[in-house]
Structure formats: C-alpha cells, structure tokens
Amino acid sequence: MTTPGAGLGAMIRTWRERLPPSAAALPVGPARRAVGLRREELAELAGVSVDYVVRLEQGRATTPSAQVVASLARALQLTIPERDHLYRLARLVPPADGMISDHIPPGMHRVLTRLGDVAVAVFAADWQLVWWNRGWAALLGDPSSAPPRLRNFARDRFGTNPACLALWPVIERDSAAVDAALVSDLRRATGRFPQDARLAELIHHLRTGNQRFADLWANGTVALHREDHKTIEHPSVGPVTVDCDVLTDGDSELKIVVMTTAPSSADETKLRLALIAGPPSPPQATHRLQR
C-alpha cells in the first residue's frame with residue numbers, strides 16, 4: 001500500500017532536484033554539491049519552514065493548504081499541467097479556467113531572473129503580490145514581513161486593516177490618477193474573471209470600507225494601470241526617484257512591475273547603495289506562510 005502523501009513528497013523532491021539554483025537567481029559556489037535546489041532554498045523561495053519541506057518530502061505532511069501549494073508551484077517553476085498535478089497530489093482542486101491565477105510560467109521566471117538588480121515584482125490580476133526580486137526588497141522593503149493576504153496593492157492602498165504594513169512607501173506625482181487607474185483596472189478584472197471569489201471579496205471589502213474607493217468605483221471607468229513616476233522614501237539612502245512601468249501578460253493578466261532609475265544619475269547610485277545595504281528593517285515581526 002502506498003503511504004499517504006508519498007506521491008506528493010516524491011514529486012516535490014523530483015522537481016526540487018531538477019531546478020538549478022541559477023534558474024532561481026541563487027548563487028552557485030565552487031563547493032556546492034547539490035545540482036538542484038536545496039531544501040533550505042526551496043523553503044526560502046516558497047516562504048515556508050525548512051522543517052515543513054522535509055515533512056512534505058518524507059510524507060509526514062500530506063495536506064498542505066492551497067496557498068502553500070501555489071507558493072511551492074511558483075518556487076519550483078512548474079508548468080500549468082505540473083502545477084495542476086501538484087494540486088491533485090495534495091488532494092486539492094486545481095485553479096479553474098476563468099479564475100485569477102497566481103502562477104508564473106517557467107519562461108517568465110527565466111526572463112525575470114535575468115533582469116539583474118532592477119527592482120521587479122509580479123502581481124496577479126487583482127494586484128495580489130506573488131513574486132519579487134532582491135532589488136524590489138532592497139528598494140521597498142521585504143514583503144515577506146507582511147501576512148500573505150495583506151500583500152495586495154489595492155488592499156494596502158485603500159484598506160482599513162490597522163495590521164496592514166505600508167508595503168509601498170512611495171510618493172507619486174499624481175496620486176489621484178494612480179488611485180483612479182488602480183480602481184479602473186480592478187473593474188476590468190471583474191469582467192475578465194467574473195467568478196473569482198478572491199477578487200469579489202476584495203472589491204466588497206474596499207467598497208464598504210473606503211469611501212474614496214467606493215466613489216471611484218461608482219464612476220464606472222475601465223482602464224489599465226501602466227506607468228508612473230515615483231519617489232521611494234528609503235530609510236538608508238534617502239529618496240530615490242524611479243520610473244515605474246507595468247507590463248501585462250495577455251493570458252493570465254499577470255502584471256510585471258518594473259522600477260528603474262535614470263542612467264548615471266544620483267538615483268542610480270542610491271539604488272546601488274540600497275542593494276548593498278539590503279532590505280530595510282521591517283516595522284514588525286516577520287510573518288511566514290502557514291501550512
């Protein structure tokens with residue numbers, strides 16, 4: 001008889017061992033023996049504990065949550081069929097067509113890891129943050145300091161939860177225009193994903209909890225949030241002015257947000273110093289994904 005969870009653990013281990021650390025933008029030292037990811041590296045990428053990864057691979061943990069499965073699929077850079085297989089092994093229903101996807105295709109992962117120290121993050125169609133790189137954490141702070149549910153640009157901007165961290169400590173040239181564009185983009189998402197429960201809950205929460213959002217929603221404008229100029233209030237290097245561009249994946253509506261500085265500028269120097277300094281200290285204790 002097959003031990004419950006053995007199939008799940010074996011596949012996680014197989015996918016972990018096939019993914020080279022370079023594909024995840026991890027350094028490869030001369031003394032490294034592991035060809036693929038170490039358990040510690042997978043745990044860090046997925047935002048779970050190393051002990052939990054060990055228990056999953058050994059079949060001692062057999063019922064990970066959908067949130068953890070989605071994080072593991074992103075960290076392992078699985079294809080859509082592989083992601084769905086992982087869900088089924090965890091006795092979960094894979095995300096259905098027409099629902100918002102947090103999954104980043106392997107090809108997109110490879111492009112993102114080749115962007116170097118540019119500050120980059122990926123958001124789902126409802127502006128849920130699903131991935132970020134070292135440059136993003138160094139410039140804006142490490143988003144893992146906030147609970148996963150609160151890593152949402154719209155919830156952070158319009159929400160009323162006092163526990164929500166300011167994940168985007170920025171000053172915009174036209175804050176009202178950004179508000180309008182964000183609300184309009186969410187309205188467009190409701191047409192693209194009308195059955196998505198997470199999006200519906202977000203819209204209800206913001207409409208009932210924030211009058212500014214409710215007024216903008218009532219305007220009925222449908223648009224995209226594309227580009228902006230922002231100033232990041234960095235605690236170590238001072239204000240950093242960046243160009244913020246938003247690229248959208250046509251199929252899943254993933255949003256790739258890229259922040260760059262003008263070449264040979266004082267802001268470029270500050271960004272390099274921020275990378276050396278590392279992520280600013282979080283204002284409260286770090287939260288991890290819970291199983």
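Modeller: Before we start, two strands count as a pair if DSSP finds at least two bridges between them. Also, this is a predicted model.

Colleague: Fine. Which strand does strand 1 pair with over 3 bridges?

Modeller: That is strand 2, residues 129-132, and the two are antiparallel. Within this pairing, Val 122 has Trp 131 of strand 2 as its bridge partner.

Colleague: How many residues lie between the strands in that hairpin?

Modeller: There are 5 residues between strand 1 and strand 2, and Trp 127 takes a positive phi near 65° in this hairpin.

Colleague: And how many bridges join strand 1 to strand 6?

Modeller: The number is 5, and strand 6 (residues 255-260) runs antiparallel to strand 1. One of the partners in strand 6 is Val 257, which is bridged to Ala 121.

Colleague: Is strand 1 largely enclosed or open, and why?

Modeller: Strand 1 is largely enclosed by the rest of the structure, because 5 of its 5 residues are buried. In a regular strand, side chains alternate between the two faces of the sheet. Here Ala 119, Ala 121 and Phe 123 are buried on one side, and Val 120 and Val 122 are buried on the other, which leaves both faces covered.

Colleague: Which residues touch the most other members of the largest nonpolar core?

Modeller: Phe 123, Trp 136, Leu 139, Leu 186 and Met 259 do, in a core of 48 residues. The element that gives the most to this core is strand 1 (residues 119-123), with 5 residues.

Colleague: What is Phe 123 in contact with, apart from its sequence neighbours within four places?

Modeller: Its contacts include Leu 129, Val 130, Trp 136, Phe 153, Trp 168, Leu 254 and Val 257.

Colleague: What does the second core include?

Modeller: This separate core has 22 residues, among them Ile 12, Tyr 52, Val 69 and Ala 75.

Colleague: Which backbone atoms lie 2.6 Å and 3.1 Å from polar atoms of its side chain?

Modeller: At 2.6 Å from a polar atom of the Asn 133 side chain is the backbone oxygen of Val 118. The backbone nitrogen of Val 120 is at 3.1 Å from a polar atom of that side chain. Beyond four places in sequence, Asn 133 touches Gly 116, Val 118, Ala 119 and Val 120.

Colleague: New topic, helix 10. Which of its residues are buried?

Modeller: Leu 199, Leu 202, Ile 203 and Leu 206. They line one face of helix 10, because they fall within an arc of 95° when seen down its axis. An α-helix has 3.6 residues a turn, so residues three or four places apart point the same way.

Colleague: What do those buried residues pack against?

Modeller: They pack against helix 8 (153-158), helix 9 (175-192) and helix 11 (211-219). The face turned away from the buried side carries exposed Ala 197, His 204 and Thr 208.

Colleague: Which residue caps the N-terminal end of helix 10?

Modeller: Asp 196 does, with a side-chain oxygen 3.2 Å from the backbone nitrogen of Arg 198.

Colleague: Last one. How many helices and strands are in the protein chain?

Modeller: The protein chain has 12 helices and 6 strands, and 50% of its 291 residues count as buried.

Technical notes. Residues are numbered from 1 along each chain as its sequence is written. This is a predicted model: local features need pLDDT of at least 70, side-chain atom pairs count only at pLDDT 80 or more; totals for chains, interfaces and linings use all residues. Side-chain values use heavy atoms; hydrogens and water are left out. Buried means under 20% relative accessible area, exposed over 50%, partly exposed in between (1.4 Å probe, protein chains only). Helices (H or I, at least four residues) and strands (E, at least two) are DSSP runs, numbered from the N terminus. The arc is that of the directions from the helix axis to the C-beta atoms. Contact means heavy atoms within 4.5 Å. A polar contact is a pair of N or O atoms within 3.5 Å; within protein, one must be able to donate a hydrogen and the other to accept it, and residues adjacent in sequence count only if both atoms are side-chain atoms. A nonpolar core is a set of buried Ala, Val, Leu, Ile, Met, Phe, Trp, Tyr and Cys residues joined through side-chain atoms within 4.5 Å.
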